[in-house]
Amino acid sequence: MNNNEQLASQIPFPWQSAHWNRLDRLRFNNQLAHAYLIAGSAGLGLPLFAEKFAHLLLCPHPAEGRACGKCKECVLNSKALHPDLYRVRPQGTSRVVKVEQIREASEFLSMTSHAGGPKVVIIEKSHQMNLSAANAMLKTLEEPNPESYLFLVTDSASSMMPTIRSRCQRLQFEVPRFDDSLEWLKKQLLDEEDEVKLLVAADNQPLKALELASSDAYQVQQSFIADVCNLSAGQSSIRQLVTKAAKLDEQVAIGYMLNVTIQLIKSAIKGSTGAGPESPSISRLVHALGQTESSSKVLAERLLSFYQSALEGRQQLASSTNPNPQLIMESLLQQWVQLPFGLKA
Ligand SMILES: [Zn+2]
């Protein structure tokens, strides 16, 4: 088994089991809804969940809530070749799911099933449907085909059209408890890694932590965070950071800033002095926060208000069809330097 197969064999992951079991019971009793909104943070493996559940639906001989893994349908699925499963996601460098993609998916659902069983469409990043795609989706949701299932996966359900959300049954996935994520992560990582640091950097999302461990993403993230922290001390400029963020992808960069901010909020509330699991750059800010005149309540409020702006910025990038990423980034960084760290260069 290679790493991907090893990971796939674990689906549903522990934090997905409850939703899986509930959905499986509905499947068993023939009570599944036509459309599900599979919502939760990006690092929880939700597209994998949808994919694996689709395999279960397409397998004619499931056992104990899992696809058999041996039949013709399962073999086709293991090669991502099953003709009754259709996947939609933003293509190439595009941020948006386009109307043609949704029309093709609807057409697929209206055709006869190849295997004589159900048909499944999975839409990843479904909050990134542009307006005409979302309207086409609405039509598909209003006129369901028999034995067809739609899984709309999103890590930003709040930026979706309310009419789409209301026509789907919602499965909301929560981030697991820190200790549970840690236990899982330790089993995945064979090398000596600092799992606590990885998990903190991954906002406690287990698959995101795994990704950080297996690529240079952790270093890239830490270097960007160091620059953001240096900005507060006047050791880097907004312009430099805007350029760096563009190279990274602004949505990713804002995710890093959210991560820093949440760590700072926690330490402001706890009155920490900077000896936690943070990176050295963040520890420096935590220490600086402890030195300011403002009360921890005021600090936490100002950080929360920045957090809110960063969330809005990220949402704008995800949902707007024509965002201006540089402008959004610049305005966020300007707000960042206003935060009361009081660092001296
Ligand atoms: Zn099977």
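Mentor: Let us begin with Ala 80, which counts as exposed because it has 9 C-beta neighbours inside 10 Å, and a residue is called exposed when that number is 12 or fewer. Please keep in mind that this is a predicted model. Ala 80 lies in the loop between helix H4 (72-78) and strand E2. Its phi is positive, about 55 degrees, although Ala 80 is not a glycine. Most residues other than glycine have a negative phi.

The loop between H5 and E3 holds Ser 113. Ser 113 counts as partly exposed because 16 C-beta neighbours lie inside 10 Å. Leaving aside residues up to four places away in sequence, Ser 113 touches Asp 84, Pro 118 and Lys 119. Ser 113 and Lys 125 are 12 residues apart in sequence, and their C-alpha atoms are 25 Å apart in space.

A positive phi also occurs at Asp 249, a residue other than glycine, where the value is near 100 degrees. Asp 249 is found in the loop between H12 and H13. Asp 249 is partly exposed because 13 other C-beta atoms lie within 10 Å.

The 21 residues of H13 (residues 250-270) should span 30 Å at 1.5 Å a residue, and the end C-alpha atoms are 30 Å apart, which agrees. The buried residues of H13 include Ala 253, Ile 254, Met 257, Val 260, Thr 261 and Leu 264. An α-helix has 3.6 residues a turn, so residues three or four places apart point the same way. The helices against which the buried residues of H13 pack include H11 (217-232), H12 (238-248), H15 (296-319) and H16 (325-337). After H13 comes Gly 271, whose phi is positive, near 70 degrees.

Another packed pair is formed by helix H8 (residues 178-188) and helix H10 (residues 206-214), at an angle of about 35 degrees and with axes 10 Å apart. The crossing of H8 and H10 is right-handed. Ser 181, Trp 184, Leu 185 and Gln 188 of H8 make the contact with Pro 206, Ala 209 and Leu 210 of H10. By class, this contact has 5 nonpolar, 2 polar and no charged residues.

Finally, consider the peptide bonds. Most peptide bonds are trans. A cis peptide bond, with omega about 0 degrees, joins Ile 11 and Pro 12. Pro 12 is found in the loop between helix H1 (3-8) and helix H2 (17-28).

Definitions and conventions. Residues numbered from 1 in each chain as written. Predicted model: local features only at pLDDT ≥ 70, side-chain atom pairs only at ≥ 80, totals over all residues. Helix = DSSP H or I, 4+ residues; strand = E, 2+ residues; numbered from the N terminus. Expected span 1.5 Å × (residues − 1). Buried ≥ 20, exposed ≤ 12 C-beta atoms within 10 Å, placed from the backbone. Contact = placed C-beta atoms within 7 Å. Axes fitted to C-alpha atoms, helices over the stretch in contact; angles between N-to-C directions. Left-handed = near helix turned anticlockwise from the far one by under 90°. Nonpolar A, V, L, I, M, F, W, Y, C, P; charged D, E, K, R; others polar.
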